[in-house]
Number of protein chains: 2
Amino acid sequence: MRILYHLPLSPYSRKVRLALAEKRIPFELRVERVWERREEFLELNPACTVPVLVEENGLVVADSYAICEYLDEAYPDVSLFGRTLSERAEVRRLLSWFDNIFGTQVSRNLLWERHMKRQLGQGNPDGAAIRAGYQNLKAHMEVIGWLAERRSWLAGNQLSLADFAAAAHLSALDYVNDVDWTLNTAARDWYSRVKSRPSFRTLLTDRVSGMEPPAHYMDLDF
Amino acid sequence: MRILYHLPLSPYSRKVRLALAEKRIPFELRVERVWERREEFLELNPACTVPVLVEENGLVVADSYAICEYLDEAYPDVSLFGRTLSERAEVRRLLSWFDNIFGTQVSRNLLWERHMKRQLGQGNPDGAAIRAGYQNLKAHMEVIGWLAERRSWLAGNQLSLADFAAAAHLSALDYVNDVDWTLNTAARDWYSRVKSRPSFRTLLTDRVSGMEPPAHYMDLDF
C-alpha cells in the first residue's frame with residue numbers, strides 16, 4: 001500500500017492528503033515524529049520533514065512541493081494545477097504565496113511558537129512572534145477574501161491546489177482555535193466551500209492526543 | 001522581448017537566469033528595486049519579490065518556482081528536471097532543500113543580515129544570525145560535497161536545476177566573499193564545473209554598484 005508519512009497539524013502534510021483524496025488515490029497514513037529523527041526515516045528524507053510519500057513500487061518522494069508535482073505528472077486524470085500555462089502559473093504563484101509567505105508569517109509563528117515549541121522542549125514561545133502571527137493572519141485573511149470575492153476559487157474559475165494549500169494552513173490553525181472567522185466573510189464562505197469537499201473529511205476527524213479542537217472545527221456551517 | 005525582473009544578488013533570480021540561458025531562451029534583464037514597492041511591479045506580483053518573468057505574449061509568471069516549472073512545460077526541449085518520475089522527484093527534493101532550507105539557514109542570514117539589511121534602512125545586522133549563517137554554511141558544504149562525491153551531478157547522472165539552484169545561492173554568497181572554498185574539495189570541484197558552463201558567464205560579469213566581488217569570483221580555477 002502507498003504510504004504517506006505525515007503529522008496531523010502539518011499544513012504541508014494536509015495539502016498532500018487533500019491532493020491525494022481529490023485524485024482518489026488510496027494511501028495509508030503514518031504519523032512520523034520528525035523530532036525523534038528516526039534513522040529509517042532520515043534515509044527516506046535527510047531533511048527529516050513531513051510529508052514523504054512512498055509508492056507501492058518503492059519510489060520515495062520527499063517534500064510537499066515535489067509530491068504535488070509528482071502526483072500531477074504520475075496521475076494526470078484529475079489536474080489540480082489547471083490546464084493552460086497561464087492557469088498553472090497562477091496556481092503555482094499562489095502555492096508559493098501560501099506555503100512560503102503565509103507559512104513563514106503565520107503558520108510558523110502560531111502553530112510552531114504557540115503550540116509545538118514548548119511541547120518539544122525547544123524553549124519558550126516568543127511573544128513577539130505570536131503577536132506578529134496574529135497580525136499577519138489578519139492581512140492574509142484579507143488577501144484570501146479579496147481573491148474569493150473576485151474569482152470562483154482562489155486561482156480562478158477552477159478549484160485548484162491553491163485552494164487546498166490555503167485551506168490546509170487554515171485548517172491546521174483552526175484546529176488550535178487560532179482563526180477568527182468573523183474577520184472576513186468572503187474568506188469564511190470560501191473556506192466553508194472547500195471544507196465541504198469529501199476530501200476534507202478525514203482531516204476534520206483526525207485528533208491530536210491531548211489537544212481537542214474547538215466545537216466549530218468540524219462544523220460545515222460555522 | 002521577454003523580460004526578467006531581477007536583483008543581481010537574489011539567488012532565486014540567478015537560478016532562473018541560469019535556467020533561461022541553459023535552455024537558450026533569450027531575455028532582457030531589468031533590475032527591480034523591490035523595496036521601493038513600485039506600483040506597476042506590485043500589479044505584476046503582489047508579493048513584490050523577484051524574479052518575475054513577462055513573456056512576449058504578455059503572460060506574467062511570478063515566483064522562481066512557478067517560473068522554473070513554467071519553463072519546463074513551455075520549452076520542453078532541454079529539460080532541467082530530468083526525464084523519469086524518479087529523477088524529477090530527486091531534482092525537486094533538492095530544489096526544495098536549496099531554495100528553502102539552505103535559503104533560510106544560510107542565504108538569508110548572510111546575504112540579508114550581513115549585506116542588505118543596513119543598506120536598506122531595516123536596522124542593524126543580527127550578529128547571532130550571521131554566526132548561525134556561517135555555521136550552517138559549513139554543514140551545507142558537506143552535504144554538497146557528499147552528493148558530489150557520489151554522483152556526477154547533485155541530483156544524479158544528469159546536470160539539473162538542482163545544480164543551478166545550489167550554484168545560484170553559492171555564487172551570490174561568493175560575490176560578497178562569504179564562501180570559504182577550502183572547506184570541502186568535492187564541493188569546490190563541483191562548483192567549478194557548474195561555473196564553467198556558458199550559462200554562468202553573465203552572472204559572473206554582473207556588478208552591484210558600490211560592491212566589488214573578490215578576485216577569485218570570476219576565476220574558473222579558484
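## How two chains meet

Visitor: How many residue pairs are in polar contact between chain A and chain B?
Guide: This is a predicted model, where local features need pLDDT of at least 70, side-chain atom pairs count only at pLDDT 80 or more, and totals for chains, interfaces and linings use all residues. Residues are numbered from 1 along each chain as written, chains are lettered from A in the order written, and side-chain values use heavy atoms, without hydrogens and water. A polar contact is a pair of N or O atoms within 3.5 Å; within protein, one must be able to donate a hydrogen and the other to accept it, and residues adjacent in sequence count only if both atoms are side-chain atoms. Between chain A and chain B, with both residues at pLDDT 80 or more, the count is eight residue pairs.

Visitor: Which residue of chain A forms a salt bridge with B:Arg88?
Guide: A salt bridge puts a side-chain nitrogen of Lys or Arg within 4 Å of a carboxyl oxygen of Asp or Glu. The two chains share four of them. In one, the closest N and O atoms are 2.7 Å apart, and the partner of B:Arg88 is A:Glu73.

Visitor: What area is buried between chain A and chain B?
Guide: Buried area is the accessible area (1.4 Å probe) that two parts lose on being put together, summed over both. Carbon and sulfur atoms give 65% of it here. The total is about 2000 Å².

Visitor: How many residues of chain A are in contact with chain B?
Guide: Contact means heavy atoms within 4.5 Å. 100% of the interface residues of chain A are also interface residues in chain B, so the copies meet through the same surface. Chain B contributes 25 residues, and chain A contributes 25.
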